[in-house]
Amino acid sequence: MVDEGRRGIFASLSSAIKGEKRDRKIPVRPPYNDDPDLFHRLCPECEEKPCARVCEEEIILIEDDGTPSLTFEKKGCTFCDACLEACEPGVLSDKRLHYVNAEVEIDVLKCMAWHQSICSSCKDPCLDDAIRFLGLFRPEISQESCTACGWCIPVCPTDAITIVSKPATKGEVE
Ligand code: SF4
Ligand code: SF4
Ligand code: SF4
């Protein structure tokens with residue numbers, strides 16, 4: 001798909017000049033889950049962790065506690081359904097949940113376009129058209145349109161885009 005090629009170019013350019021890790025307090029989980037408790041209840045016992053193996057974007061990591069989380073250091077989620085189909089225990093089970101349960105934001109202090117420099121790197125890989133610019137400057141993310149796919153995160157030259165898990169439910173530990 002042409003759009004995937006476009007994403008790949010931006011992602012590889014950016015990851016070549018960056019590489020630092022991002023801090024995450026609450027892990028950002030894979031999509032297709034409607035009960036975060038299940039990550040703690042079922043994933044540690046899942047021996048092969050097939051979700052991480054089948055993800056072609058290689059964005060699923062396994063935490064020390066045996067639960068999966070997403071990393072957006074190089075790529076984002078394409079909602080390809082592969083992890084959903086691989087998850088036999090049913091932690092990832094609802095095909096309708098085509099979004100990552102997280103909030104993506106632009107830090108206006110770090111964003112070049114908020115400081116009168118021309119930059120629209122984040123807009124190009126956003127297939128949901130969720131990043132809106134006021135003229136040439138001041139990009140903002142429409143929370144209504146954003147699926148938290150994460151493709152805009154690695155392409156930002158100043159590391160101005162953050163992703164944070166939505167508030168923890170019963171099983172998620174802060
Ligand atoms: S395949 Fe399912 S049960 Fe296994 S680690 Fe991944 S999400 Fe958890
Ligand atoms: S939907 Fe596809 S790209 Fe997204 S985390 Fe699952 S396997 Fe990876
Ligand atoms: S703004 Fe949201 S939908 Fe658009 S690329 Fe970033 S995370 Fe994905």
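Helices (H or I, at least four residues) and strands (E, at least two) are DSSP runs, numbered from the N terminus. Asp81 sits in the loop between strand E2 (68-70) and H4.

**Ground rules**

This is a predicted model, in which local features need pLDDT of at least 70, side-chain atom pairs count only at pLDDT 80 or more, and totals for chains, interfaces and linings use all residues. Residues are numbered from 1 along each chain as its sequence is written, chains are lettered from A and ligands numbered from 1 in the order in which they are written, and side-chain values use heavy atoms, with hydrogens and water left out.

**The chain as a whole**

The protein chain has 4 helices and 6 strands. Along the sequence, their pattern reads α-α-α-β-β-α-β-β-β-β.

How much of the chain is buried? Buried means under 20% relative accessible area, exposed means over 50%, and partly exposed lies in between (1.4 Å probe, protein chains only). Of the 174 residues in the protein chain, 45% are buried.

Contact means heavy atoms within 4.5 Å. Take the contacts in the protein chain with a separation of 6 or more: residues 24 or more positions apart account for 70% of them. Leu70 and Pro27 give an example of distance in sequence and in space. They are 43 residues apart in sequence and 7.3 Å apart in space, C-alpha to C-alpha. Leu70 belongs to strand E2. Its relative accessible area is 1%, so Leu70 is buried.

**The nonpolar core**

A nonpolar core is a set of buried Ala, Val, Leu, Ile, Met, Phe, Trp, Tyr and Cys residues joined through side-chain atoms within 4.5 Å. The largest one here has 39 residues. Which of them touch the most other members? They are Leu92, Ile131, Ile161 and Ile163. Helix H2 (37-42), helix H4 (82-86), strand E3 (102-106), strand E4 (131-134) and strand E6 (161-165) each give two or more residues to this core. E3 supplies the largest share, 3 residues.

Leu92 has contacts beyond its neighbours within four places in sequence. Among them are Pro30, Pro31, Tyr32, Phe39 and Cys87.

A residue is near a molecule if one of its heavy atoms lies within 4 Å of it. For the classes, Ala, Val, Leu, Ile, Met, Phe, Trp, Tyr, Cys and Pro count as nonpolar, Asp, Glu, Lys and Arg as charged, and the others, Gly among them, as polar.

| Ligand | Nonpolar | Polar | Charged |
|---|---|---|---|
| Ligand 3 | 9 residues | 2 residues | 1 residue |

The residues around ligand 1 include Cys43, Cys46, Lys49, Cys51, Cys87 and Leu92. Leu92 is also one of the core members named above.

Ligand 2 has Cys55, Glu57, Cys77, Cys80, Asp81 and Cys83 among its surrounding residues. Cys55 counts as buried because its relative accessibility is 13%. Glu57 lies in the loop between H3 and E1. At 18% relative accessibility, Glu57 also counts as buried. Leaving aside neighbours within four places in sequence, Glu57 is in contact with Lys75, Gly76, Thr78 and Trp151.

Around ligand 3 are residues including Cys126, Asp128, Cys146, Thr147, Cys149 and Cys152. Thr147 is found in the loop between strand E5 (137-141) and E6. Its relative accessible area is 16%, so Thr147 is buried. A polar contact is a pair of N or O atoms within 3.5 Å; within protein, one must be able to donate a hydrogen and the other to accept it, and residues adjacent in sequence count only if both atoms are side-chain atoms. One such contact, of 3.3 Å, joins the side chains of Thr147 and Asp128.

**Cysteines**

How many disulfides does the structure hold? A disulfide is a pair of cysteine sulfur atoms within 2.5 Å. The structure holds 0 disulfides. Cys122 is in none, and the nearest cysteine sulfur, that of Cys119, is 6.4 Å away. Cys122 has 9% relative accessibility, so it counts as buried.

**Two positive phi angles**

Most residues other than glycine have a negative phi. Glu58 has a positive phi of about 55°. It lies in the loop between helix H3 (50-54) and strand E1 (60-62). At 65% relative accessibility, Glu58 counts as exposed. Asp81 has a positive phi too, near 80°. Its relative accessibility is 9%, so Asp81 counts as buried.
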